[in-house]
Amino acid sequence: MLVPLAGSVALAVLLGVAAFVIVNREDGKSAQGGQGCAGGESAVRVVAAPDIAPAVTAVAQKYNAAGHSENGRCVRVAVQAQPAPSVANALAGSGATDGRTDADLWIPDSRMWLDLMRTRGAKPPEAQGSIARSPVVLAASQDVVQGLRRTLGEPSWAQVAAAADVADPDGLAKQVRVVTLDPRQNAAGLGAALAAAGVLRAGGKEDRLIGALKQLSRSLAGSPESLLASLDVKSRRAPVGVATEQGVWNFNTRQKPASPVVPLYPREGTVSLDYPLVYTATDAAVKGAAEKFAAELTGPAGQKVIRDHGFRTPDGKGGAALDEDAGFAAKAPKALAAPDAKAAASLTQSWSRLNLGTRLLALFDVSGTMALQVPGAGADRMRVISRIGTEGLRLFPPDSEIGVWEFSTHLDGQGTDYREMVPVGPLAEKVGGVLRKDLLAGRLAEVRAQPTGDTGLNDTIAAAYEQMTEDYRADKINTILVLTDGAGNDDPDGGLSDEEIVRKLKEQYDPAKPVSILIIAFGPDAPKGRARMDAIASATGGELFIVKDVLQVRKIFVESMKRRICAPHCDG
């Protein structure tokens with residue numbers, strides 16, 4: 001006994017199996033019971049990206065109702081909505097998938113997913129043409145558009161990246177909040193990131209790209225719909241997001257928000273999602289049937305349906321849905337060069353590495369030389385180093401795990417040159433009833449130099465390295481940060497020599513479980529100690545930074561993010 005269609009879908013959902021939408025002929029009978037199919041039926045399974053699946057389904061309805069055959073068999077088209085990354089993983093045989101995927105014709109939202117598959121060694125079929133196009137745009141609530149234009153001028157990728165730069169919290173970030181989508185899971189998010197990357201690299205501002213990517217990882221929306229809905233949330237900073245042009249139309253049409261979302265076209269140009277046709281059928285007859293349905297999608301009637309759903313045709317022509325009065329551009333926006341596979345792979349890999357968590361132990365020099373005044377600063381070296389640490393603390397997200405030691409000589413009994421101020425742990429975790437982030441800020445404000453203390457730098461680094469190696473976390477970037485005036489090791493009572501600490505670190509460093517040492521040195525003695533400090537940092541794949549201004553720590557933060565991308569094979 002045949003189960004009615006609605007019951008079949010419900011049963012499939014209960015079983016956790018992705019259900020195809022099978023659209024029948026005008027006689028209303030089930031696909032198995034259609035008339036005029038003396039040679040049997042040929043089912044064409046189409047898997048389409050969720051945004052274009054409704055348009056493809058609408059074309060399939062008319063196609064099935066009209067009655068089509070292939071080699072004497074009646075063709076029935078079944079349409080399933082499935083995110084492109086899930087299908088790509090299923091075809092590649094690796095990675096997470098969203099249910100079962102059986103396709104004869106795959107219509108992803110972008111051929112970038114095919115490119116990424118190839119960079120991972122997979123061999124997907126070549127795309128055969130395209131059925132639609134939708135530019136990646138910036139988006140904002142109609143209520144804030146005028147204010148945004150006053151702040152940013154003409155919308156641009158460069159300005160949005162500046163507003164998202166974690167290393168420039170006092171710039172546009174004070175007025176604009178940027179929201180995006182995970183570029184590993186969403187083509188609009190990937191397209192926007194690649195467009196911004198191309199613009200910034202062309203302008204020689206790659207550091208800004210790193211800072212923006214890091215900050216945007218904290219401002220991800222769970223879905224295109226939730227991103228667009230968030231743009232109407234009132235706040236002191238005007239929200240701006242990334243979306244496709246069609247996504248804006250669909251949101252406004254379905255949700256009818258009180259303040260519609262308006263597409264903003266970046267002045268530099270943009271990239272577009274291209275909805276390619278990918279034939280995955282292994283049976284020649286089924287592939288032939290899929291090609292005939294694809295011809296319907298690319299024909300005049302199919303293209304009208306697609307335009308009516310807010311898309312443009314492959315050559316950029318929009319339909320009545322993209323109404324200029326609603327802010328849509330009559331002509332397709334200027335096109336940036338299509339990103340290549342290498343650029344897409346590099347960006348997604350960078351995103352993943354940038355978003356590894358942080359586990360950091362900071363070592364603050366409190367030796368006697370830190371009490372010396374800094375000419376022109378109105379403060380001693382200790383105060384300046386403390387300010388550098390406090391400024392750096394602002395740049396880390398709440399899930400970062402950070403702790404602090406201070407070091408000089410004999411701080412915790414004879415022969416122990418260091419003392420724990422705050423144990424390593426999440427910034428958002430409470431320690432004795434106080435958030436670790438607040439506890440760290442308080443300790444840094446109170447830290448004082450030891451007037452007669454020497455500098456047991458090498459023994460302190462050795463102890464810190466042993467602890468961080470033992471407590472290594474594979475899901476985080478594990479780092480020791482030394483903040484000092486650069487005078488170097490000065491331990492009259494013995495301890496490790498400069499040669500011994502470098503040799504010890506080289507022996508302990510494990511590229512498979514890297515713990516790197518970064519050193520920030522401030523003061524007139526720093527250049528003199530460059531060679532010794534650089535040797536220590538280099539022994540662990542780390543780096544030395546000599547700074548002259550507190551705010552330079554922002555640039556150092558970006559440099560440390562860049563090192564995440566290359567670690568453990570950085571040049572130093």
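How many of the residues of strand β20 (residues 515–522) are buried? I looked this up in a predicted model, in which local features need pLDDT of at least 70 and side-chain atom pairs count only at pLDDT 80 or more, while totals for chains, interfaces and linings use all residues. Residues are numbered from 1 along each chain as its sequence is written, and side-chain values use heavy atoms, with hydrogens and water left out.

**Strand β20.** I find that eight of its eight residues are buried (under 20% relative accessible area, with a 1.4 Å probe and protein chains only).

Ile520 of β20 has Leu483 opposite, whereas Ala521 stands opposite Ile546 in β21.

**Helices α16 and α17.** I recorded that the axes (lines fitted to C-alpha atoms over the stretch in contact, with angles from 0 to 180 degrees between N-to-C directions) of α16 (residues 457–470) and α17 (residues 498–508) come within 10 Å and cross at roughly 10°. α16 is therefore roughly parallel to α17 (angles under 35 degrees). The contact (heavy atoms within 4.5 Å) is made by Asn458, Ile461, Ala462 and Tyr465 of α16 together with Asp498, Ile501, Lys504, Leu505 and Gln508 of α17.

Technical notes
Helices (H or I, at least four residues) and strands (E, at least two) are DSSP runs, numbered from the N terminus. Angles under 35 degrees count as roughly parallel, over 145 as roughly antiparallel, 65 to 115 as roughly perpendicular and the rest as oblique. Buried means under 20% relative accessible area, exposed over 50%, partly exposed in between (1.4 Å probe, protein chains only). Two strands pair if DSSP finds at least two bridges between them.
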